[in-house]
Amino acid sequence: MSAATMMAGRLNVETGTFAMAEVPVPEPGPGFVRVKVEAAGVCLSDVHLIQGLLKPKFLQGNEVTLGHEVAGTVDLAGPGTEHRVSPGDRVVIQAGYEHNGVTLTMGVDYDGGWAEYVCVPAGVLVPLGEEIPFDQAAIIPDAVSTPWGAIAGTADVRAGEAVGVWGIGGLGAHGVQLLRMVGAAPIVAVDPIPEARQRALDFGADVALDPLDPGFAAALKTATGGRGLDVALDFAGVDAVRAQALASLAVRGRLVLVGLSGTPLTIADSTGFSYARRQILGHYGSEAQHVPQLVDLTRLGRLDFARSVSGRLPLADAEKAVMALDRKEGNPIRLVLIP
Ligand SMILES: NC(=O)c1ccc[n+]([C@@H]2O[C@H](COP(=O)([O-])OP(=O)(O)OC[C@H]3O[C@@H](n4cnc5c(N)ncnc54)[C@H](O)[C@@H]3O)[C@@H](O)[C@H]2O)c1
C-alpha cells in the first residue's frame, strides 16, 4: 500500500512560486495507470516555466507538479488497464498525449513526475526492458526524443547533409549523437561555453565553434566547404541564435526552431531568404514512435546515455537542481531527481 500523501514539486503558475509540498497520492481513473517514479529529469523548459517564460496552455487551475521526463515502475493499473500493464513493469513515460484535438504535456498541462507517483494514460507507457537504468531512461522522453523528432522528423536530415547545432546542453548534446548516428556530415556544434564545445567534440561533432567569435562566419564557411548548412538546429532558445543560424544556411537550407524563447522572430535578409528558398520550421516534442525507437536503439547499442546524467539529486532538492541548470553550475547535460 502506498502512503496517502506524497512529496511533489509544485509550481503556482500565477505567482511563479515553486516549492516542495505534501499532496495526496493520485488515484488512477479509467484508462490511467499510477507509476512509482524512479527518476525524473530537469529540463530548461522547467526553468522557463518557473520563470514565467513558458505558460501552460491547457492547465486546469493554477498549480501543477512539474516533471516531463520520467521513468519508473507500474504501481497500480486503473480501471480498464489491468490487461495492459502489471505492477512492477519498468516503463518510461511519453511526455504528451492528444486529448480532444490538443496536445497535453505532462508536468505542464497536468501533474508530472517531480513526485513519488504520477498518473498517466496507459497509452503513454513505453516498456523499458531490464537493461536501461532508470536515470538514463528518464531523459529519453524530451532530452533525447525531442532532438530525435527534430532530426528524423521535422528536419528530415539525410546522410551527408551539413548540420549545425546551436546549444550543446541537454537537447543539443544528444542532437550531436543522433546526427552522428544518421550520418550527418559535417556536424558543426555551436555553444559559448568552452566545456559544452568540448562535450560536442567528445559526442561526435566535427567542429565546435564559439558563437561570439568574430571569426565565426568564416570558420563555418570553411567547415562546410563554402556551402553553408543544409540544416541548422536551434537547441538553445536564445534570440541571437536565430539570426546567426539563418545567416549560416546554404541554398534550400532549413532552420528548425526547437529552443523556445517566446519572442518575435525576424528575418533580416528576407529577400535573400526567398531567393535561396530557405525554410524555417517549428518543432515541438516528438511523435509516438520516437521514444520506442530510442529505447530499441539504446538496447541495440546504437546509443548510450551513460555520459548524459551529470548528477542525481534527491527529489527534495528539486529547487537546487533548477538553479544549477539555470546557472549552468558544473555545466550539466541533464540533472535527474530521485524520489
Ligand atoms: N520544442 C520542444 O519540444 C522543446 C522541448 C524541450 C526543450 N525545449 C527548449 O530547448 C531549449 C534547450 O533546452 P535544454 O534543456 O537542452 O537547455 P540547456 O540549458 O541544457 O542547454 C542550452 C545550451 O544553449 C547554450 N547557448 C546559450 N546561448 C547560446 C548561443 N548564443 N549560441 C549557442 N548556444 C547557446 C548554453 O550554453 C547551453 O549549453 C530550451 O529553450 C528549452 O525550453 C524545447
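The following legends describe close-up views of a predicted model.

Local features require pLDDT of at least 70 and side-chain atom pairs pLDDT 80 or more, whereas totals for chains, interfaces and linings use all residues. Residues are numbered from 1 along each chain as its sequence is written, and side-chain values use heavy atoms, without hydrogens and water.

**View 1. The two domains of the protein.** Domain 1 comprises 5–139 + 305–338, and domain 2 comprises 143–282; these bounds come from an automatic or database domain assignment. Taken over C-alpha atoms, the centres of the two domains are 29 Å apart. The contact (heavy atoms within 4.5 Å) involves 14 residues from domain 1 and 16 residues from domain 2.

**View 2. The interface between domain 1 and domain 2.** The domains bury about 1200 Å² between them, 57% of it on carbon and sulfur atoms. Buried area is the accessible area (1.4 Å probe) that two parts lose on being put together, summed over both. In domain 1, R307, N331 and I333 lose the most area to domain 2, together 45% of what that side buries.

**View 3. Polar contacts between the domains.** Six residue pairs, both residues at pLDDT 80 or more, are in polar contact between domain 1 and domain 2. A polar contact is a pair of N or O atoms within 3.5 Å; within protein, one must be able to donate a hydrogen and the other to accept it, and residues adjacent in sequence count only if both atoms are side-chain atoms.

**View 4. The surroundings of the ligand.** The ligand is surrounded by 30 residues (a heavy atom within 4 Å), and the closest are G170, L171, D191, G285 and K328. A backbone N or O atom of L171 lies 2.8 Å from a ligand oxygen atom. In the side chain of S45, an N or O atom is 2.9 Å from an oxygen atom of the ligand.
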